[in-house]
Amino acid sequence: MTRLAEAARPAPQPAPAPRRRRKSPQGSRWTPYFFIAPAAVYLLVFQGIPLLQEMRLSFTETSLLAPNKNVWVGFDNFTELFAESEFNRTLLTTFIYVVACVFFSITVGMGAALLLNANFRGRGIARSLIMIPWAAPSVAVALVTTWMLNAQYGIINRALGSVGLGIPDGAWLDSQAYAMPAILATTIWALFPFTSVVLLAALQSVPEEVKEAAIMDGAGKLWVFRVVIWPTIKPTVAVLMVLMTIWSIRRFELIWLMTQGGPVKATNTLVIDLYSRAFQQNDIGKAAAVGMVGIVISLLIVGVYAYVARRAEQEAA
């Protein structure tokens, strides 16, 4: 009986093997930090530390001839800067230059993007050629433009003079009235290809069936752009405005090579003023204060953009 009972008893099942934990396809939770670390270290070493050093110098009286000998002056550098009429004029010049660059580069770029988005023969070649001004080195652009605007042998003065549109003595870059328009025209010529290519990519993301439906309903081209195209490309335009603003505030080599901030500081922007104070007047403390003013202005612009973008997302939701 015992043997029969043992035979009837079910055989013991083997213990289940321990289940191996499957790795997440996204990897470890530290993976994102691993990829971000190199960029973070780079920004800390080459951007963060110099920025802190500049901030410290802005509160000191430091000469380029003796950079290790500095005297703490607190906010005196900033107080003296804003008390100078020339610095306030520099802020106004910077504001005019930035606004004009942003407005005209995006406006001209939008027009070029709309033309390049149309169907015509040789469109691919036109899209390639339009990038030449953007690809050209800014130093070369500044030097060539200076030669073209030369009062004695510049081709622009000869062309305008032949149709009676020349300016007195052809002194574009030596005139307080014409130096800034000349720099703006050169800057916009170099910038608009970038904005046109970015806007062209945004235009190609607009659904064709939506535009065709609006046209079939009797909408004109202006109404189609306003109702169908503009809402789609508006976020791209906002990003371009921020980029163009920050790049325009930082632009140095083109203005310096063409006018060096002259004549009579008619084209003196924040970056030109910073360079002049640091390396011509040997006043590193004041130059650092000018740089901090520019950084604060850039941060305010980015903050306003972030606020507007958040409000637009909330309204869209």
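The largest nonpolar core of this predicted model has 26 residues, a nonpolar core being a set of buried Ala, Val, Leu, Ile, Met, Phe, Trp, Tyr and Cys residues joined through side-chain atoms within 4.5 Å. Leu-199, Val-224, Ile-229, Ile-233 and Val-237 have the most contacts inside this core. The elements that contribute two or more residues are α4 (85-116), α9 (179-203) and α11 (221-250). Of these, α11 gives the most, with eight residues. Helices here are DSSP runs of H or I with at least four residues, strands are runs of E with at least two, and both are numbered from the N terminus. "Buried" stands for under 20% relative accessible area, "exposed" for over 50% and "partly exposed" for what lies in between, with a 1.4 Å probe and protein chains only.

A word on conventions before going on. Residues are numbered from 1 along each chain as its sequence is written. Because the model is predicted, local features need pLDDT of at least 70 and side-chain atom pairs count only at pLDDT 80 or more, while totals for chains, interfaces and linings use all residues; side-chain values use heavy atoms, with hydrogens and water left out.

Let us start with Val-224. Setting aside residues up to four places away in sequence, Val-224 touches Lys-211, Ala-214, Ile-215, Ala-219 and Ile-229, where contact means heavy atoms within 4.5 Å. There is also a second, separate core of 18 residues, and Ala-100, Cys-101, Met-180 and Leu-254 are among its members.

Ala-202 sits in helix α9 and, at 7% relative accessibility, counts as buried. Beyond its neighbours up to four places away in sequence, Ala-202 touches Ile-233 and Thr-236. Ala-213, by contrast, belongs to helix α10 (residues 208-216) and is partly exposed, with a relative accessible area of 36%.

Tyr-153 takes us to another part of the chain, the loop between α7 (138-148) and α8 (155-162). Residues up to four places away aside, Tyr-153 touches Trp-147 and Arg-158.

Here are three residue pairs with their C-alpha distances:

| Pair | Separation in sequence | C-alpha to C-alpha distance |
|---|---|---|
| Ala-202 and Ile-229 | 27 residues | 9.2 Å |
| Tyr-153 and Gly-170 | 17 residues | 9.6 Å |
| Ala-213 and Val-224 | 11 residues | 9.8 Å |

## The loop between α12 and α13

Thr-259 lies in the loop between α12 (253-258) and α13 (270-279), and with 13% relative accessibility Thr-259 counts as buried. Leaving aside neighbours within four places in sequence, Thr-259 is in contact with Leu-173, Ala-179, Ile-183 and Thr-267.

Further along, the peptide bond from Gly-262 to Pro-263 is cis, with omega near -5 degrees. Pro-263 is in the loop between α12 and α13. Val-264, also placed in that loop, has a positive phi of about 50 degrees although it is not a glycine. At 55% relative accessibility, Val-264 counts as exposed. Lys-265 lies in the loop between α12 and α13 too, and has a positive phi of about 60 degrees, again without being a glycine. With a relative accessible area of 35%, Lys-265 is partly exposed.

## The protein as a whole

Stepping back, the protein has 14 helices and two strands. Its radius of gyration is 30 Å, well over the 20 Å that the globule rule gives for 317 residues, so the protein is more spread out than a compact globule. That radius is taken over C-alpha atoms, and the rule is 2.2 Å times the number of residues to the power 0.38. Along its principal axes the C-alpha trace spans about 125 × 70 × 35 Å.

Buried residues make up 33% of the 317 residues. Among contacts with a separation of 6 or more, 67% come from residues 24 or more positions apart. The protein exposes about 21000 Å², of which carbon and sulfur atoms supply 66%; accessible areas come from the Shrake-Rupley method with a 1.4 Å probe, and for residues only the protein chains shown count as cover.

As for charge, there are 26 positive and 18 negative side chains, and the centres of the two sets lie 16 Å apart. Lys and Arg count as positive and Asp and Glu as negative, with His and the chain ends not counted; each charge is placed at NZ of Lys, CZ of Arg, CG of Asp or CD of Glu.
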